[in-house]
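Biologist: I'd like to learn how to read a structure like this one, feature by feature. Could you take me through it?

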Amino acid sequence: MKSKILIVSIVILFCITACASRKLKPIGETDSFQIQEDEKRIWNRSQEEEFRIDQSGHIYDNPEITAYVNEVAQKLIPEDKIDFQIKILKNPLLNAFAYPNSVLYIHTGILSKMENEAQLAALLGHEMTHVTHRHATQNFRNTKNMGAFFATFQVATLPFGIYGSLANILGAVGSTAAVTGYSQGIETEADKEGFALMVNAGYDPHEAPKLFEHLKKEIEEQKVKEPFFFGTHPRLQERINNYNNLIKTSYADKKGGIGRERFMSNILPLLLDNAYLDLSMGRFISAEREINRFLDYKPENAQAHYYLAELYRQRAGKGDMGKAEKEYLLSIQYDPTLPEPHKRIGYIYYKKGFHKEAIAAFEEYLSMKPNSLDRKYIEQYIQEMKNR
Amino acid sequence: MKKSIVWLLILMLVLIGCAQWKKVSGSYTSKSQNYSTVLPDGWRKYRKVHDYLLITRDGLALQEIRISRVESDKPLPHTKKTIAKTMLPHEVAEVVIDDIRSDPDILNLSINTNTPDRVDNHPGFRIDYTFQTPSGLMKKATCYGVLIDGYYYDIRYSAPARHYYAKDILTFEKVKEAFNNLKEPSIK
């Protein structure tokens with residue numbers, strides 16, 4: 001009997017030890033962080049992938065907005081604890097991902113869907129937890145075929161053109177983080193611990209599920225399956241369920257700040273920039289929403305009115321050409337030095353047969369942009385109208 | 001016996017490879033796409049594609065000429081935007097540029113020229129652009145486009161920017177000059 005108890009105890013002890021050795025201690029939990037050998041390999045690979053991303057032309061070059069996002073991250077985890085680096089990618093698809101060496105990437109697409117700083121904190125908290133809890137290394141250790149882990153794999157991104165092709169630059173580490181995601185257990189841990197970061201920093205926990213509700217609504221409206229993790233319906237639903245459950249069980253009475261005005265005043269230019277990207281993809285619903293949100297804050301912005309006009313022109317729905325004309329004229333009214341609206345209104349007048357007005361608009365455009373690529377087209381139209 | 005099986009397999013592979021290409025030269029007519037042109041001597045046509053004409057002399061990595069056709073209001077390969085029957089040449093060019101820009105195999109795109117031109121005496125356009133392939137090769141391309149009777153015709157040449165583009169650009173221009181739309185009724 002005694003020997004049976006001893007054997008069982010040894011087996012239980014062995015299991016506990018084995019499990020403990022698979023589970024890595026989060027960074028920051030002990031004073032001394034010791035990087036493990038296999039972790040070094042993953043960090044080295046991460047650096048290679050980050051270099052490719054940084055050289056790819058996808059980085060969104062706005063130091064103020066990048067600094068703001070990093071500032072919010074430091075409210076969750078101060079930089080003297082772990083020095084996170086958040087970079088923004090100019091890409092309208094819904095995505096954010098973290099490399100294990102504390103470098104995070106967030107798409108302009110997902111930032112433009114947020115309403116306030118609390119929602120940004122929710123997303124950052126989730127991603128930062130992947131780093132602190134060493135999920136990439138855990139995932140690597142759980143992978144059966146170690147050799148295949150570092151093999152690059154192709155993601156079906158064709159419908160998304162150049163924006164989807166980012167997935168093929170990412171490499172194995174980034175693709176797991178950005179595309180497939182980790183196991184449900186790991187993602188749930190990221191929700192739970194990231195949520196705690198957000199709440200401890202003073203943000204309203206009720207904003208977390210709201211963010212993912214917006215994203216879910218967005219992909220439902222577009223009726224397209226996006227290639228990245230935060231653009232897939234089941235993964236978004238998982239986040240919503242987890243956050244609602246966490247609020248119910250642990251944070252029901254917790255209140256906190258939202259930071260709407262601070263967020264909007266910092267992010268505003270990004271809204272317009274991402275609207276342009278959405279427009280180039282033909283995602284008119286998203287683009288229109290973003291432009292109108294921008295115009296709520298800056299109603300006399302000529303560029304925004306120009307983008308809205310372009311949206312109507314390209315959508316070409318019933319009544320859109322009339323709306324486009326109106327917005328081009330508004331754009332000219334608010335800033336007559338912007339060249340493109342003059343050209344576009346010139347084309348409208350040309351097609352309507354208003355030759356005098358068309359010639360005037362075209363000549364105004366050419367005087368502002370003498371080296372424009374489309375100069376020869378416009379000169380041809382002007383000559384044609386003058387000859388009539 | 002084993003040696004002869006191996007040689008037979010090698011021969012089969014070579015034959016299969018060769019069967020993908022057909023030598024072309026002189027007058028060429030596509031009844032399905034309603035055009036004719038004159039193809040240069042010593043070039044080969046890729047037989048495995050039927051939606052468009054694809055020819056090369058030294059291999060697709062070194063040069064290619066492609067002639068394709070898309071019906072108006074139907075999608076182009078990469079962009080969601082479509083070409084409407086009533087579009088002016090510069091508008092068609094914009095959609096084509098958007099399609100090029102949306103191609104995931106085209107990185108670091110630079111549009112060098114976008115000018116009106118005539119194709120088969122119809123008002124069209126010419127676009128010159130450079131880009132990088134996913135493997136890092138810099139390529140240069142010239143695209144002539146024209147909308148005729150509700151169909152958009154695309155006549156395109158691309159080659160590595162260094163040395164190869166200049167080698168066959170005049171050959172391509174001759175193919176484009178010889179391009180002729182066979183008369184067909186307009187789309188209703």
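Biologist: Is Leu170(B) buried or exposed?

Modeller: The idea is a cut-off on relative accessible area: buried means under 20%, exposed over 50%, and partly exposed in between, with a 1.4 Å probe and protein chains only. Leu170(B) has a relative accessible area of 63%, so this residue is exposed. Leu170(B) belongs to helix α3 (residues 164-178) of chain B, where helices (H or I, at least four residues) and strands (E, at least two) are DSSP runs, numbered from the N terminus. Its C-alpha atom is separated by 32 Å from that of Lys74(B), 96 residues apart along the chain.

Biologist: What should I know about the model and its numbering before we go on?

Modeller: This is a predicted model, in which local features need pLDDT of at least 70 and side-chain atom pairs count only at pLDDT 80 or more, while totals for chains, interfaces and linings use all residues; side-chain values use heavy atoms, with hydrogens and water left out. Residues are numbered from 1 along each chain as its sequence is written, and chains are lettered from A and ligands numbered from 1 in the order in which they are written.

Biologist: How many helices and strands does chain B have?

Modeller: Chain B has 3 helices and 9 strands, and from the N terminus they follow the order α-β-β-β-β-α-β-β-β-β-α-β. Along the principal axes, the C-alpha atoms of chain B fill a box of roughly 65 × 40 × 30 Å. Of the 188 residues in chain B, 48% are buried. A contact means heavy atoms within 4.5 Å; among contacts in chain B between residues at least 6 apart in sequence, 46% join residues at least 24 apart.

Biologist: And how do I read a pair of strands?

Modeller: Strands of a sheet pair through backbone hydrogen bonds, either parallel or antiparallel. Here two strands pair if DSSP finds at least two bridges between them. In chain B, β1 (residues 21-30) and β2 (residues 35-46) are antiparallel partners over 9 bridges, and Lys23(B) stands opposite Arg44(B) in β2(B). The hairpin of β1(B) and β2(B) has 4 residues between the strands, and Asn34(B) takes a positive phi near 65° there.

Biologist: Which residues lie nearest the centre of the second largest pocket?

Modeller: First the rule: on a 1 Å grid over the protein atoms alone, a cavity is a set of points where a 1.4 Å probe fits but cannot get out, and a pocket is an open set with protein on both sides within 12 Å along at least five of seven lines; lining residues have an atom within 4 Å of a point. Grid points are joined across faces, edges and corners, and a volume is the space filled by probe spheres set on the points. The second largest pocket holds about 730 Å³. Of its 28 lining residues, Arg66(B), Pro77(B), His78(B), Asp103(B) and Arg156(B) lie nearest the centre. The lining divides into 14 nonpolar, 4 polar and 10 charged residues, where Ala, Val, Leu, Ile, Met, Phe, Trp, Tyr, Cys and Pro count as nonpolar, Asp, Glu, Lys and Arg as charged, and the others, Gly among them, as polar.

Biologist: What is the volume of the largest cavity?

Modeller: The largest cavity has about 40 Å³ of space, and the count of cavities of 30 Å³ or more is 1. Helix α3 (residues 63-76) of chain A gives the most to its lining, with 3 residues. The lining has 5 nonpolar, 2 polar and 2 charged residues, including Asn70(A), Ile77(A) and Phe84(A).

Biologist: In what order do the strands of the open sheet in chain A lie?

Modeller: The order is β1-β3-β2 in this sheet of 3 strands, with mixed pairing. Its edge strands, β1 (85-89) and β2 (96-99) of chain A, each pair on one side only. The twist averages 20° from one strand to the next. In chain A, β2 and β3 (residues 103-107) run antiparallel, joined by 4 bridges, with Tyr99(A) opposite Val103(A) in β3(A).

Biologist: Where does Ser286(A) sit, and which residues does it touch?

Modeller: Ser286(A) is in helix α14 (residues 284-297) of chain A. With a relative accessible area of 1%, Ser286(A) is buried. Leaving aside neighbours within four places in sequence, Ser286(A) is in contact with Lys113(A), Glu218(A), Gln222(A) and Asp278(A).

Technical notes
Axes are lines fitted to C-alpha atoms, for helices over the stretch in contact, and angles run from 0 to 180 degrees between N-to-C directions.
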